[in-house]
Amino acid sequence: MSISRRDFIQGTGSLLAGSSLMGAATLAGAAQSKKLRIGVGPLLPTPEDTKKAYAPFFEHIAKQLGMEFDLVATTDWAGMAVAMGSGQLDLAWMGPWGYIIANSITGCRAIATAKYDEKPTYQAIIIAKPGINVKKFPDDTKGMSISFADLGSTSGWLIPSYYAQEVWKIDPKTYWKYSEGATHAANEIAVSSGQVDMATDFDRNRTAMIEGGKVAADANKIIWTSAPLPNDAIVVPSDAPADRTAKIQKILTSLTLEQAKGLLPNHYTGFIASNHAYYAPIEKAGLALGKIKRRGK
C-alpha cells in the first residue's frame, strides 16, 4: 500500500498534524539503499540519547540478518507512525498507540512486544507536585493545570483521554487548565520544577528519569495509575518479506536475559512473540475517541 505523509495525516483525522520526524533527510536517503531502515520512538529524553542507547540492539538484529542498517529516532510518537505509514521504515520500535495508528491506515504488523523487568505490560500514570493532596481522582484536581504528552503517545495522551471520556466523564480541556504536546521527559521536569500542577507519563519513564538523575524521586508523586497496558511493539510493514519477518521474530524471542542486559537499556529483559490482537485495548481506546477507524471501513 502506497501512502503519502499528507494522506496519512488526513486519514487519522489530523491526529498527526504538526508531528516532527528526526532525521527526515536520513530516512529519505535510506529509502534508496538496501540497508535495513529502522526507526525508534522517543524512548529517552532526546533523539541522540535514544539512538545511542538502542543502536547496539538494532545492530545485533542487522548482523543476525547479514545486513547493514540505518537508524533514526523520532522526536515524537506520531512521527513514528508517519514514517511507517509513508514506507520509510523496514522495522520499528513503536509505542502501542503509534502502532495502532499506523496499523489502521497501512496494515503494518506487530511481531513482538518488549518485556520490562520481565513483564510485557506497563502503566500510564498522572504525576503531581508533592504538596498536592488528592484523596479522590479526578475530583480533587478540578481547575488545576495539567500537561498531556503529544497526541501520538499511548500513556501520555490516548489512555488519559480515554479514561476522561469513558470513566471519569469529564472534558479534560475544560475540567483542568489543559495543555498538550509535551514529551514525557518534559512533563516530568515541568511538574518537578513547579511549572504545572500535574502531567501525564508512564511508569517506565518515571523510573528511568529518577535512576538517571534527571528528576529526584520526591520531586513529584503518582496520583493516578491505569490498568496494565501492552508494552512497546516491534513492527514491520504489511508487505515485509515473510521469511525476514520470521527471522526477526525468532531473533527477538531468542534473546536471553544476559544478551538483553548487554544490548538494551536498563530494565528491558527481552521480548515475547506478539501480534495485533495483543494491542486490542489500545485499539479500543482509539476507536472510542474517534481517532481511528477499523481497517476496511
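Trainee: Are Y162 and Y163 buried or exposed?

Mentor: Start with the cut-offs: buried means under 20% relative accessible area, exposed over 50%, and partly exposed in between, with a 1.4 Å probe and protein chains only. Y162 is buried, and Y163 is buried too. Keep in mind that this is a predicted model, where local features need pLDDT of at least 70, side-chain atom pairs count only at pLDDT 80 or more, and totals for chains, interfaces and linings use all residues. Residues are numbered from 1 along each chain as its sequence is written, and side-chain values use heavy atoms, with hydrogens and water left out.

Trainee: How many aromatic pairs does the structure hold?

Mentor: A pair of aromatic rings is described by the distance of the centres and the angle of the planes. Rings of Phe, Tyr and Trp (its six-membered ring) pair if their centres lie within 6.5 Å; planes under 30 degrees apart are stacked, over 60 edge-to-face, and the rest tilted. The structure holds 21 such pairs. Take Y162 and Y163: their ring centres are 6.2 Å apart and their planes stand at 90°, so the pair is edge-to-face. Y278 and Y279 are also edge-to-face, at 5.7 Å centre to centre and 80° between the planes. Y278 is partly exposed at 29% relative accessible area, whereas Y279 is buried at 0%.

Trainee: Which residues form one aromatic cluster with Y162 and Y163?

Mentor: The cluster also contains F137, F148, W168, Y175, W176, Y178 and W224.

Trainee: How many salt bridges does a search of the whole structure find?

Mentor: Side chains of opposite charge can pair when their charged atoms come close. The test for a salt bridge is a side-chain nitrogen of Lys or Arg within 4 Å of a carboxyl oxygen of Asp or Glu. The search finds 7. One of them joins K35 and D70, at 3.8 Å from N to O. K35 lies in the loop between α2 (24-30) and β1 (36-40), and D70 in strand β2 (residues 69-73), so the pair ties together parts 35 residues apart in sequence. Helices (H or I, at least four residues) and strands (E, at least two) are DSSP runs, numbered from the N terminus.

Trainee: Which residue forms a salt bridge with R204?

Mentor: D232 does, with the closest N and O atoms 3.0 Å apart. R204 sits in helix α9 (residues 203-211), and D232 in the loop between β11 (229-230) and β12 (233-236), 28 residues apart. Both are buried.

Trainee: Which ring has R204 over its face at 4.7 Å from the centre?

Mentor: A charge sits over a ring if NZ of Lys or CZ of Arg is within 6 Å of the ring centre and within 35 degrees of the ring normal. The ring is that of Y122. R204 also lies over the face of Y116, at 5.6 Å from the ring centre.
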